[in-house]
Amino acid sequence: MDIREIARNLYATIDARDWDRLAGLVSPDLAVHLASANPIGFDDWRKSLTEFFVGFPDGHHIIDDYIGDADTGGHARSLSGHAHRHLPRRRTERKLRLGCCD
């Protein structure tokens, strides 16, 4: 399995909200770095993802581009979905697309 297949599998598992399967895909000593916050472990990451998807119940990842080779690299991705809860300052049910890179 190359890095592209691993990335597709990881985000498909997150989009399915299959937390048990996700736990089997990552290292037990996983450290997730979210923006400028301190690194968090798997349990806190799962909690963060669960809370995030409450607001974006149809959210799904789109891998826009891959950088690197078959063994190492990164990717540009986005999350697309409709917001269904209060966001800062207003409630919206518009479709949103959030971009990020890993």
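The side chains of D43 and R46 meet in a salt bridge, with 3.4 Å from N to O. A salt bridge here is a side-chain nitrogen of Lys or Arg within 4 Å of a carboxyl oxygen of Asp or Glu. A search of the whole structure finds 1 salt bridge. Why can these two side chains meet? D43 and R46 are 3 residues apart in helix α3 (residues 42-55), so about one helical turn separates them. D43 is exposed, with a relative accessible area of 52%. R46 is partly exposed, at 28%. The cut-offs are simple: buried means under 20% relative accessible area, exposed means over 50%, and partly exposed lies in between (1.4 Å probe, protein chains only).

A word on the source. This is a predicted model, where local features need pLDDT of at least 70, side-chain atom pairs count only at pLDDT 80 or more, and totals for chains, interfaces and linings use all residues. Residues are numbered from 1 along each chain as its sequence is written, and side-chain values use heavy atoms, with hydrogens and water left out.

Now step back to the whole chain. The protein chain has 3 helices and 5 strands. From the N terminus on, the order is α-α-α-β-β-β-β-β. Helices (H or I, at least four residues) and strands (E, at least two) are DSSP runs, numbered from the N terminus. The protein chain has 102 residues, and 27% of them count as buried.

Is W45 buried or exposed? W45 is buried, with a relative accessible area of 12%. Leaving aside neighbours within four places in sequence, W45 is in contact with I14, L22, V26, L30, V32 and I40. Contact means heavy atoms within 4.5 Å. Take L30 from that list: W45 and L30 are 15 residues apart in sequence, and their C-alpha atoms are 9.5 Å apart in space.

W45 also belongs to the largest nonpolar core. That core has 11 residues: Y11, I14, W19, L22, V26, V32, F42, W45, L49, F53 and L79. Helices α1 (3-15), α2 (19-25) and α3 are the elements that give two or more residues to this core. The largest share, 4 residues, comes from α3. A nonpolar core is a set of buried Ala, Val, Leu, Ile, Met, Phe, Trp, Tyr and Cys residues joined through side-chain atoms within 4.5 Å.

Next, follow α1. This helix has 13 residues and reaches 18 Å from its first C-alpha to its last, close to the 18 Å expected at 1.5 Å a residue. The expected span is 1.5 Å times one less than the number of residues. Which residues of α1 are buried? They are A7, Y11, T13, I14 and D15.

A polar contact of 2.6 Å joins the side chains of D15 and H61. A polar contact is a pair of N or O atoms within 3.5 Å; within protein, one must be able to donate a hydrogen and the other to accept it, and residues adjacent in sequence count only if both atoms are side-chain atoms. H61 is found in strand β1 (residues 60-68). H61 is buried too, with a relative accessible area of 15%.
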